[in-house]
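Please open the model in a viewer and follow the selections below in order. Each stop states what to select and what is found there.

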Amino acid sequence: NHIIHNGGLYKRPFNEAFEETPMLVAVLTYVGYGVLTLFGYLRDFMRQWKIEKCQNATEREEQKDFVPLYQDFENFYNRNLYMRIRDSWNRPICSVPGAKVDMMERVSHDYNWTFTYTGRVIKDIINMGSYNYLGFAQKTGPCQEAAAKVLSQYGAGVCSTRQEMGNLDKHEELEKLVARFLGVESAMAYGMGFATNSMNIPALVGKGCLILSDELNHASLVLGARLSGATIRIFKHNNMQSLEKLLKDAIVHGQPRTRRPWKKILILVEGIYSMEGSIVRLPEVIALKKKYKSYLYLDEAHSIGALGPSGRGVVDYFGLNPEDVDVMMGTFTKSFGAAGGYIGGKKELIDYLRTYSHSAAYATSMSPPVVEQIITSVKCIMGEDGTTIGEARVQQLAENTRYFRRRLKEMGFIIYGNEDSPVVPLMLYMPAKIGAFGREMLKRNIGVVVVGFPATPIIESRARFCLSAAHTKEMLDTALKEINEVGDLLQLKYSRRRLVPLLDRPFDETTYEETED
Amino acid sequence: APAYHLILEGILILWIVRLLFSKTYKLQERSDLTLKEKEELIEEWQPEPLVPSVPEDHPALNYNIVSGPPTHIITVNGKECINFASFNFLGLLNNEKVKSAAQASLKKYGVGTCGPRGFYGTFDVHLELEERLAKFMRTEEAIIYSYGFATIASAIPAYSKRGDIVFVDEAACFAIQKGLQASRSNIKLFKHNDMADLERLLKEQETEDQKNPRKARVTRRFIVVEGLYMNTGDICPLPELIKLKYKYKVRIFLEESLSFGVLGEHGRGITEHFGINIDDIDLISANMENSLASIGGFCCGRSFIIDHQRLSGQGYCFSASLPPLLAAAAIEALNIMEDNPDIFQTLRTKCERIHKALQGISGLKVVGESFSPALHLQLEESCGSRENDVKLLKRVVDYCMNSGIALTQAHYLEKEEKCLPPPSIRVVITVEQTEQELDKAASLLKEAAQSVLN
């Protein structure tokens, strides 16, 4: 048990571990990639000399003398490595994405270049890949009924932007409810979670401001930071010393070259990092933010609804005050079974966003049945619908998380991340095992998500399980039994039960700076 | 060996030993400040407030509240009006068949998809919608996005990278501008619909190329235009653009958000309107939020081009997929469009009628083509500052709203737009508006202009 005694900032133990890659496994992984690359070159050579048929789509005859649209090398990884295991992704389903899901069977007769659907449906696959943390992806129940009523009354689309004629009374109702749920003064909702980040960060910061962003931030945060035109500096993942050093240096030395003081400093962190399963060290970040007078932007895409005794996210989990976080952002896609994103904060912030956010001025507002689904599910989590279903689900998710992680660690797999996070990455490392794991689990009727390069570092490919409150203990036991079998078959039990103590992680002095010219 | 040789080698070896054992030094020498001075600097630094305060009466702050569905008859701020502001061109927002298709989908799939396309977020409805759109537009493949704005803003950076050149019209909409900004390419603006200006820029680029042919061979070039421009209501001269494309070897990206489902005999957009082979356009992007009365957007074109976005379109890979009920609504809307090809001509007749009726209003001029369903009414003479123009137009809009016609001003982010259009009132024509309503709107606008502007 590793508890940080940072002036008593943490009210509960914070157990996060990232076991080191075993040396032999790392070497074998590199060898594996080396062999694949060699074969890739060989196949490209054969395709170029027409010994092998080229199955890629090609440019039009009339445009053959145009500058080529793609560089050959860009697609090397795509053609030779991704194509071999392409069937692990984009699996089409044809039922509600709940705890069990029906999948359309597809086969490939030419090594994954094209797929054909056999027409058969594989039923009742245990779904460990969808982001359904509280089990609100349902086709029956109060949420669906309310959404159906609103659909028949309002229709599916809106055809206008928020600032023009697209602001329905439903949107106002939703925003007040979300503000109450989060414990902030005011909130605003948008139609897409990705766009919430990429369109609002540029409205908050601009040239002459500094953004300190975590190493493993999501693509939407990176895009929003780039579009804003501010200077970006990256600190090591969840490493508070690195963040403090950057803050000190920024304030003391000012902007590069001109030495002017920075206008504002914005720290971008996420609640739960979806590839690592780690939780942000929020008490320490808030302490740092207050000490150095900077602003905090917290992206709770995965943690809202999934953490905390009452499901209100990572702020609730640590028992902190929501007013300490300047900008609380999150999405409705994961725990609420709908689509869209929100930003919550002080009234001045939300007024400013209502006026100057790119989304409010140019993008269509949210669809009414989706809004109703969010309203009903938020009320359910808060307990305002008169039942205790919401509370029960939050507790069920926490229990499922603890149980699942404990059993997997006992079996001997390397599991990354915090003990309380419902995102469970299981390390695979070797490229061949990525495809093998996905296929073997599907044969045993369990659907899992595998991720490799470029979403993760090249030797750290993993399988990622997303737990849900809709998973019963029987489903988890079945899944664990199958994972155990596949783990023995593919020799995935790398753990040597030697957890790296958190304080020993070496911290080196390099900082990264990215400037926009 | 000569003596100086040995001495030189000896010195070299001593130098290497010295380098090996000396301490590494940091490249940035920043040790001039003492710890106390650093702490003082940290104490003294005062940041700006996170956001500046917004005055209470800012025109964009107070939204119109619509109670009930935003259909033909709309209740805005408690008043019932005829809707001339929502982009519901084909009147499909309130269509019973569309709603029941969405209901059926809701009963089967629930609301959300709980995942991006790569991780169990691909539903059979998405695959069906992509097939139907590709068949409708007569291209090889189509790809769907879950948000209209993100469609073109993710498509452009997927192809155009740092160092590539993009020629874009000045009146391009904000989504295109954001896509260009994310791509980090060289942007060259040409005057709105001015083919001579574009040709001049292309010629300049050609002379640049001759100076550096190796670089020219790997620099991709694109032209980005809209079919029907949102900001000005007119169409781009596509046949001339095709000629320029083949002459200067530039690829064309066409943004058809307003013209999809409006132009052309069957509603296939500006390519059908001009009778151009659709394969000549490299990428057509449109959003489904106007004519199709759903949410989201799509790109269509040849598989060679579209397939690339499945791995490099940011809004596609890193975002949850479109809720199935909205995809089902879009499929049903497509069915209706295919079954009733005469609505397009009806819409065009109505547009021409109101375009003619709005001519000659004193103080306001009509901006837009006669068959464009989204027109702008701009002030003939500005009264000096943009703020005052906006206030004046607001009074016209309020007069109309009080008498039962819902209109809105075109909202822009004034500091963010590259070429800010002048303030204007947006007039949107839909198939559901009857001729009496069109005439009523025109006469009401005349009255409003008379009373407010004189």
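Select Lys443(A) and Glu440(A): in this predicted model, their side chains meet in a salt bridge with an N to O distance of 3.0 Å. Both belong to helix α14 (residues 431–443) of chain A and are three residues apart, so about one helical turn separates them. Colouring by accessibility sets the two partners apart: Lys443(A) is exposed at 64% relative accessible area, whereas Glu440(A), at 15%, counts as buried.

Remain in chain A and select Lys291(A) with Glu244(A), a salt bridge whose closest N and O atoms are 3.3 Å apart. Lys291(A) lies in helix α8 (residues 282–291) and Glu244(A) in helix α7 (residues 240–253), so the pair ties together parts that are 47 residues apart in sequence. Glu244(A) is partly exposed, at 22% relative accessibility.

Proceed to chain B and select Arg386(B) and Glu414(B), whose side chains form a salt bridge at 3.5 Å, N to O. This pair links distant parts of the chain, 28 residues apart: Arg386(B) is in helix α15 (residues 386–402), and Glu414(B) is in the loop between β14 (408–409) and β15 (424–428). Arg386(B) is partly exposed at 23%, as is Glu414(B) at 48%.

Finally, select residues 6–21 and 142–160 of chain B, listed under "transmembrane region" in an unreviewed UniProt entry. Residues 6–21 are 100% helix, with end C-alpha atoms 23 Å apart. Residues 142–160 are 63% helix and 21% strand, with end C-alpha atoms 19 Å apart.

Technical notes: Residues are numbered from 1 along each chain as its sequence is written. Chains are lettered from A and ligands numbered from 1 in the order in which they are written. This is a predicted model: local features need pLDDT of at least 70, side-chain atom pairs count only at pLDDT 80 or more; totals for chains, interfaces and linings use all residues. Side-chain values use heavy atoms; hydrogens and water are left out. UniProt positions are given in the numbering used here, feature names are shortened, and annotations may be inferred rather than shown by experiment. Helices (H or I, at least four residues) and strands (E, at least two) are DSSP runs, numbered from the N terminus. A salt bridge is a side-chain nitrogen of Lys or Arg within 4 Å of a carboxyl oxygen of Asp or Glu. Buried means under 20% relative accessible area, exposed over 50%, partly exposed in between (1.4 Å probe, protein chains only).
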